[in-house]
Amino acid sequence: MPPPMDGDGGATPTPDALSLFASRLSLRRFEDEDLRVLEAALSAGADVPALLATRSAARSLLQASAAEAFASTATGSVLDGGRSLAIADFFARAFELVGDVESCLAMRYEFLLLRDARYYNDLHLQVSRQEWLTFAKDSLDNGFYIIASKAFANALAHIHPSHPAHLDSANSIEEKDKINDITGLQNLAKSLSAQHSVQTQSAEYMKRRASGVHEKYNLQSGKPKLTGSSMFRLGIKTRNIKKLLHSQERNLGDLKQS
């Protein structure tokens, strides 16, 4: 029997495949058992279109649930530190299961920020240099340059300046090479971020000119303070600008001549 189709002719997920997962999400427990239920739901499709439809539906469920779970932060309510960590970790793993790289990285960043703040003075539980470095490289590879730069800075900060003898040991040359490597990657992230910022501003300027809007555009306007995951998502707006840059520059030249 062919899989059920939605109104646009695409396959729809089997209702039973996600109903249990949706029910567990509504309980807001965010436990490992929920992830096992999600894994089972993701493998319940009869064929590839059904599997993809189930994955898409699961992604939508997770995005809505994550927004609701962290809504209290935006309204000023403070979640218990340990609970916030558990929620961020849960959604990072859940988004990884459904293949949502953007949301997964956003939740990983939120988790690292929360953990770093909570265990800043605990050498055993604080975020390690390698954890920050791994996350920074993942962010850089996926085009989130601003957050990558911040993560590289956090990795460098975990080389304790209070222990200068650390660099005088037998491994000092290797350690200095690591520092130089991290600094180089951070500079690369900053450079790419600056390029994308200029491209974004150019695209916005041309959009306003083409639409006949002549209001003053302040490129230095202040930005509201954002949560870690919200700031991370700002990088989304620049990811496709590079592909359009050459044509946009030509359009801008035509507008200036008109």
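Buried residues (under 20% relative accessible area, with over 50% called exposed and partly exposed in between, for a 1.4 Å probe and protein chains only) make up 34% of the 258 residues in this chain. The model is predicted, so local features need pLDDT of at least 70 and side-chain atom pairs count only at pLDDT 80 or more, while totals for chains, interfaces and linings use all residues. Residues are numbered from 1 along each chain as its sequence is written, and side-chain values use heavy atoms, with hydrogens and water left out.

**Exercise 1. The overall layout**

Find how many helices and strands the chain has.

*Solution.* Start with the elements, taken as DSSP runs numbered from the N terminus (helices are H or I with at least four residues, strands are E with at least two). The count is eleven helices and zero strands. Along the sequence, this reads α-α-α-α-α-α-α-α-α-α-α. Next, look at contacts (heavy atoms within 4.5 Å). Of those between residues at least 6 apart in sequence, 66% join residues at least 24 apart.

**Exercise 2. Checking the length of α3**

*Solution.* Now for its buried side: the buried residues of α3 are Ala-50, Ala-53, Thr-54, Ala-58, Leu-62, Ser-65, Ala-66 and Ala-69.

**Exercise 3. Packing of α3 on α5**

Work out how α3 and α5 are arranged, and which residues make the contact.

*Solution.* Two packed helices are described by the angle between their axes and the distance between the axes. Here the axes are lines fitted to C-alpha atoms, for helices over the stretch in contact, and angles run from 0 to 180 degrees between N-to-C directions. The axes of α3 and α5 come within 10 Å and cross at roughly 165°. That makes the two helices roughly antiparallel (over 145 degrees; under 35 is roughly parallel, 65 to 115 roughly perpendicular and the rest oblique). The crossing is left-handed (the near helix is turned anticlockwise from the far one by less than a right angle; clockwise would be right-handed). From α3 come Arg-55, Arg-59, Leu-62, Gln-63, Ser-65, Ala-66 and Ala-69, and from α5 come Ile-87, Phe-91, Ala-94, Phe-95 and Leu-97. By class, the contact has eight nonpolar, two polar and two charged residues. For these classes, Ala, Val, Leu, Ile, Met, Phe, Trp, Tyr, Cys and Pro count as nonpolar, Asp, Glu, Lys and Arg as charged, and the others, Gly among them, as polar.

**Exercise 4. Following α6 to two partners**

Describe the packing of α6 against α5 and against α7.

*Solution.* Take α5 (residues 81–97) to begin with: α5 and α6 pack at an angle of about 155°, with their axes 8 Å apart. That makes α5 roughly antiparallel to α6, and the crossing is left-handed. Among the residues in this contact are Phe-91 and Phe-95 of α5 and Met-107 and Arg-108 of α6. The contact divides into nine nonpolar, four polar and five charged residues.

Then turn to α7: α6 (residues 101–118) and α7 pack at an angle of about 155°, with their axes 11 Å apart. These helices are roughly antiparallel too, with a left-handed crossing. Arg-108 of α6 takes part in this contact, and so does Trp-132 of α7. The classes are six nonpolar, one polar and five charged.
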